[in-house]
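Subject: Handing over the structure

Dear colleague,

I am passing this structure on to you, and the notes that follow the display set out what was found in it. Please read them with the display open.

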Amino acid sequence: MCGISGIIDQKPVTRNLLTSIANLEYRGYDSCGMAMLNGKGIEVRKNTGGVEEVRSREKLDMMTGNLGIAHTRWATHGGVTTENAHPHLSQNGEFAIVHNGIISNYQKLRERLIGEGLEFRSTTDTEVFVNLVEEAFAQKNDVLGAFLEALKQIQGTYSIVLLSSHDPEHLYCVKQDSPLIIGLGEGCNYIGSDINAFLEHTRKAVVLDDGEFAVISRERYEISDVGKREEREKSILQIDWDTETTKKGGFSHYMIKEIFDEPQTARQALDVPQEQIKQLAEMFQNAPHAYLMGVGTTFFICQMAQYLFSSLSKKYFPAISSDEFNGVVPVSSGELVVAVSQSGETFDTKFSLNVAHEMGAKTAAIVNVMGSSISRMVDHVIMQGSGPEICVVSTKAALAQALLLLRTALELGYKEGCLDSKSFQSHQKELESFPELISILLNEKSGFMRNLARITSSVQNWIFLGCGIYYPVAMESALKMKEVTYLHAEGMPAGFLKHGTLSMIEESVHSLFFVPPPAEVDLHNRTIIAIEEIKTRGGTLVGLYFEGDSQAKSLLDHAVELPPVPSLIAPFVQMILAQMFAYYTALDLKRNIDKPRNLAKSVTVG
Ligand code: G6P
């Protein structure tokens, strides 16, 4: 999704602006640009392509000035062209803006402006807004007044930063349903669509709420309500993320670096105070009905949690994809909706949470990004503390979410009397050993996963299968495979196979089985039955199984054997190895792993 940056400093800002948009690259984009106020006026340079490409083509580092705005654009209104890239200048070149979101009534406004003789350079909704500011300035001769006047005319979702040659002392910004955060420096201030835009320079930030605008100078910032124009006191957020964790640290891609971060991420998830887990468990306990909601990877994490709650606390909490939530859940007062979101900005999840809230439901969330919208809109939030996740596809953040939900299911199981204190304690011990265990596994098994990927990277069609909780593991792993390799991978319950998909089976169709430990007798038996169904029909069998499983070993054509681990954590171990498998397959296929085509890290539009 698009990224926004703005800097106002006593020193030249060119280099920092460039780094800030490079730090927003992970969000996914197709063009970028910068606008700076130099001694002569506003200069805009922009083009299609990545930050490095546009920097060298447009010589972005030759720009000068000590205030500027920058943008990475993920096309929504209008194709991927230089003209449509941001920043957008007004007709007379005295105003420039960057904008995230969608101005829903822009067509009408555009037609009016065209009728009045304006010639548009782009087909974007953004260019309409900057010209509304120019038009209002002609009446008011006041930048803030013109900005607010233009805002009155637009509808939709937006975060906008405005730069004007009439005011070299300020940047202006506004937020409505699209995130915007101010970073507070010494003698300089920053604006970003997320904290990665300025994390290198400051750990102090102020989060704008919907309907707020800010006027920002080098030394000060003033936040007010758009409607009443009254100044608002806002609390300062102290960000404790470590910038080192955002660096690749010697790995060739963020994805594999983030997979290798997982022991640490798991530790951080286990360090989240038990009090917060208890509070969430109580919310589940007290609600007449509770739902789990997420989209993409987080939906599959919710599905895993559905099995965890069912087995550990004998409760059924349906998992629903956020985009479908409103269509199927008649949520009512007193019920509980628990959202899971790495970014905390996903449109579908935010939207459904809002509806739930309006219906009087209680809300809770597990979120990674501090200060994000979802983290601030729910009744109870658990910050997962996984640090920045840069690769578009989620790995370490997803693992942390699953562990936090597992901890909640254990707590609820204990409260509900489904687990006595002995088994509760023994599960806690198993969890404590998990970070160390995956650290060993990652090191010992990466070579095997690499080899498996080499053998199978030419496979075009995959079916990923599992039973019980291994079913959402299979679904999530298939999604991971699709996302980074662009190959067809379909996840499904192993028992589903014989009800249709079996007709596809022949040698070239490969299936990947997530085989549970043999101690999980029922799940294991059901999985072996599905393996045999494929074997009989000549399909090629690939699998992950645990040591001592002679049945799986003899049936699978290509397999990776894992050391015995407690049943509670076995699905998580397999999920991590499947992430590696997707990574190595994509590596063999030379895919754009950290930024797969057509995908964005945080989808903030509906
Ligand atoms: C996008 C990303 C997915 C992610 C989903 C949910 O589609 O490409 O990888 O799973 O959003 O994101 P969230 O930030 O809400 O977890």
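The sulfur of Cys188 lies 15 Å from the closest cysteine sulfur, that of Cys173, which is too far for a bond, and a search of the whole structure finds zero disulfides, a disulfide being a pair of cysteine sulfur atoms within 2.5 Å. Cys188 is buried, with a relative accessible area of 5%, whereas Cys418 is partly exposed at 34%; here buried means under 20% relative accessible area, exposed means over 50%, and partly exposed is in between, with a 1.4 Å probe and protein chains only.

Before going further, please keep in mind that this is a predicted model, in which local features need pLDDT of at least 70 and side-chain atom pairs count only at pLDDT 80 or more, while totals for chains, interfaces and linings use all residues. Residues are numbered from 1 along each chain as its sequence is written, and side-chain values use heavy atoms, with hydrogens and water left out.

On the fold, there is an open sheet of eight strands in the order β3-β2-β4-β1-β10-β9-β11-β14, with antiparallel pairing. Its edge strands are β3 (41–48) and β14 (237–238), each of which pairs on one side only. Helices (H or I, at least four residues) and strands (E, at least two) are DSSP runs numbered from the N terminus, and two strands pair if DSSP finds at least two bridges between them. Within this sheet, β9 (residues 181–184) and β10 (residues 189–192) run antiparallel and are joined by four bridges, with Ile181 standing opposite Gly192 in β10.

Helix α1 (residues 14–23) lies across β1 (3–8), β2 (31–38) and β4 (67–73), and runs at about 160° to β2. Helix α2 (residues 51–58) also packs on the sheet, touching β2, β3 and β4, and its direction makes about 125° with that of β3. Contact means heavy atoms within 4.5 Å; axes are lines fitted to C-alpha atoms, for helices over the stretch in contact, and angles run from 0 to 180 degrees between N-to-C directions.

Leaving aside its neighbours within four places in sequence, His524 is in contact with Val515, Pro516, Pro517, Pro518, Asp549 and Gln551.

Some backbone details deserve a look, given that most residues other than glycine have a negative phi, and most peptide bonds are trans. The peptide bond from His86 to Pro87 is cis, with omega near 0°, and Pro87 lies in the loop between β4 and β5 (88–89). Tyr486, in the loop between α15 (470–485) and β21 (488–493), has a positive phi near 65° and is partly exposed at 24%. Asn598, in the segment after α18 (570–588), also has a positive phi near 65°, but Asn598 is exposed, with a relative accessible area of 67%.

Lastly, which residues come nearest to the ligand? Of the 13 residues around the ligand, they are Ser341, Gln342, Ser343, Thr346 and Ala600, where near means that a heavy atom of the residue lies within 4 Å. An oxygen atom of the ligand is 2.6 Å from an N or O atom in the side chain of Ser341, a polar side-chain atom of Ser343 lies 2.6 Å from a ligand oxygen atom, and for the side chain of Thr346 the distance from an N or O atom to a ligand oxygen is 2.5 Å.

Definitions and conventions: A polar contact is a pair of N or O atoms within 3.5 Å; within protein, one must be able to donate a hydrogen and the other to accept it, and residues adjacent in sequence count only if both atoms are side-chain atoms.
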